[in-house]
Amino acid sequence: MSTEISVNSPANGGQKPGFGRALYEWVADWGRIVIESVIALGDFSIFCWRMISWMVSRLPQRETIFPNLYQVGVLSLPVVALTGTFIGMVLAVQSYFQFSQLNLETRLGAVINMTLVRELGPVLAATMLAGRVGSAMAAELGTMRVTEQIDALAAMGANPIQYLVVPRFLACLLMIPTLTVMADFMGVAGGYFYSTLVYDIDRHYYWSNSASFVGWFDIFTGIFKSLFFGAAIAMVSCYQGFHCAPGAEGVGKAATTSFVYSFVMILVLDLFLGIWLDKVYFLLFPQGVTLF
Amino acid sequence: MIESLLEEQKPVVEIEDVCVTFGQQPVLRDIRIKIVPGQTLVLLGESGCGKTVLMKTVIGLIKPNRGRVLFDDQDINTLSEKAMSRLRLRFGFVFQNAALFDSMTIGQNVAFPLRQHGNHNPHRIRELVLARLAEVGLPDHVVYKKPAELSGGMRKRVGLARALIMNPELILYDEPTTGLDPIMSDVINELIIRTRRRNPVTSIVVTHDMNTARKVADRVIMLYPMSRLQEDEPQIIFDGSPDELEKCRDRRVRQFVNGEAGERLMEMRAAATPI
């Protein structure tokens, strides 16, 4: 995105521009940014549409899908599990004092588990996926673009979107629910052990309170949201890789940008899906469930 | 001679008034070329004149802003993605840096088009891969190696073997001898000639290398960079046989053929001099 700023250029003798000129430059700069953003959004939409049309018309071959499933699912499990465990324990540490002031320590399980399965589990799993897998995808595809490997695929009659993007998209879509379940499970376990072993909270009441407040819909909410997160990570990362600028700098930028955009997408989707799923919940269970 | 050939035979590739612009920068302007079957066309020109862009336009990797490219009377830019993928099976492309897939072995690289499009059994695929590698002078054991383990010359030869595996009708070579020593460059030149002798293929070779042009070309076209052209000047500054190229009196052609810097050094100094 290059913008020519002639305001303080030697051409006008370093004199300060008039207000009208400065306003003109400011509007022109913003106009350029808006036009470029609309073009990028249109380009991204076409990219997504082409991916979907290839996905429904021809499924990827086994040798392209399985390595991606392994990369996205199996290799991400340890880091997601570790993050989930620590977040569960941190939630226990952060909530214990406030709950103990109200003599409601046994409700800690409900808060920790509800927070984990509805929000932190899916968001954390998606964030780890964006960092570990999304950036790697963008860098790998970017390198392939820079070294003409993507052109080589096309030149040999293989569609690069069908061959490279569809398997990665499917791998993210299929694996992120399992990673979310793993993050949820390890978080619940971490919170439980910390609460019962360190704070000596009664195990029976910890679980019975959790069971009263955390329902199947909460677990479904987290897993349902994770599908959107996985799709967003795959699309953003593959798009950044495919549109990588030349050189090592371009590849590095594609990797960084893919993580930043994926993370923003995760948060935005989380908000809107959260609002929508809440409406669905109250439609199904009008009386709701209260913690106190 | 070229005109008479074009009159006798129906062209396999027709480039009609092709213009390509990247952003604000024009790269190709009103390029018009007809290539007949079996011809080896060498595209010459200095760096940045649009040779590779033209070649990528021919196989639809770059879409022209204006004009069209016909292959066997089909406008390749009006084809659907799937039809384009099928048509590309009739092309072979040897990339400048070979563009081998890093994650695959040499055997998997060469077999890639067969696995994607053929219905051969693994045994037959292996036979074909070994035969193509032998044609370009590579031993059987390289099939297990990764591209990073090979020298530049070997990688180029693997790229050639991969381009030939589907028996294409049109082969495009992007700077096949760039970065190679003189002996390996001549090996590549010989392989291009041998490929043409074995199979009745049409070839387009993009190069800076005058030895390659003299050795392999039936026809030479020289492009000139758009940045150095006036509004009304054609971008193709030479179209003829290699012999005619040697006799051409155009100052720009002579400068390239003889490898003379001429006024360029002065221009570069002037551009670099602070005001």
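**Entry 1: Ser76(A)**

I began with Ser76(A), which counts as buried because its relative accessibility is 2%. Buried here means under 20% relative accessible area, with exposed over 50% and partly exposed in between (1.4 Å probe, protein chains only). I noted that this is a predicted model, where local features need pLDDT of at least 70, side-chain atom pairs count only at pLDDT 80 or more, and totals for chains, interfaces and linings use all residues. Residues are numbered from 1 along each chain as its sequence is written, chains are lettered from A and ligands numbered from 1 in the order in which they are written, and side-chain values use heavy atoms, leaving out hydrogens and water.

Where does Ser76(A) sit? I found Ser76(A) in the loop between helix 2 (62-74) and helix 3 (77-101) of chain A. Helices (H or I, at least four residues) and strands (E, at least two) are DSSP runs, numbered from the N terminus.

I then looked up the contacts (heavy atoms within 4.5 Å). Beyond its neighbours within four places in sequence, Ser76(A) touches Gln71(A), Leu129(A), Arg132(A), Val133(A) and Leu179(A). With Arg132(A), the side chain of Ser76(A) makes a polar contact of 3.1 Å. That term means a pair of N or O atoms within 3.5 Å; within protein, one must be able to donate a hydrogen and the other to accept it, and residues adjacent in sequence count only if both atoms are side-chain atoms.

**Entry 2: chain A as a whole**

I counted nine helices and zero strands in chain A. Of its 292 residues, 46% are buried. I took the box around the C-alpha atoms along the principal axes: roughly 75 × 55 × 35 Å. Among contacts between residues at least 6 apart in sequence, 84% join residues at least 24 apart.

**Entry 3: where chain B meets chain A**

Chain B brings 24 residues to the contact, and chain A brings 19 residues. Glu81(B), Phe101(B) and Gln116(B) supply 29% of the area that chain B buries against chain A, more than any other three residues. Buried area is the accessible area (1.4 Å probe) that two parts lose on being put together, summed over both. The two chains bury about 1800 Å² between them, with 52% of it on carbon and sulfur atoms.

How many salt bridges cross the interface? I found three. A salt bridge puts a side-chain nitrogen of Lys or Arg within 4 Å of a carboxyl oxygen of Asp or Glu. I checked the one between Lys56(B) and Glu148(A), at 2.7 Å, N to O. Helix 4 of chain B gives the most to the side that touches chain A, with five residues.
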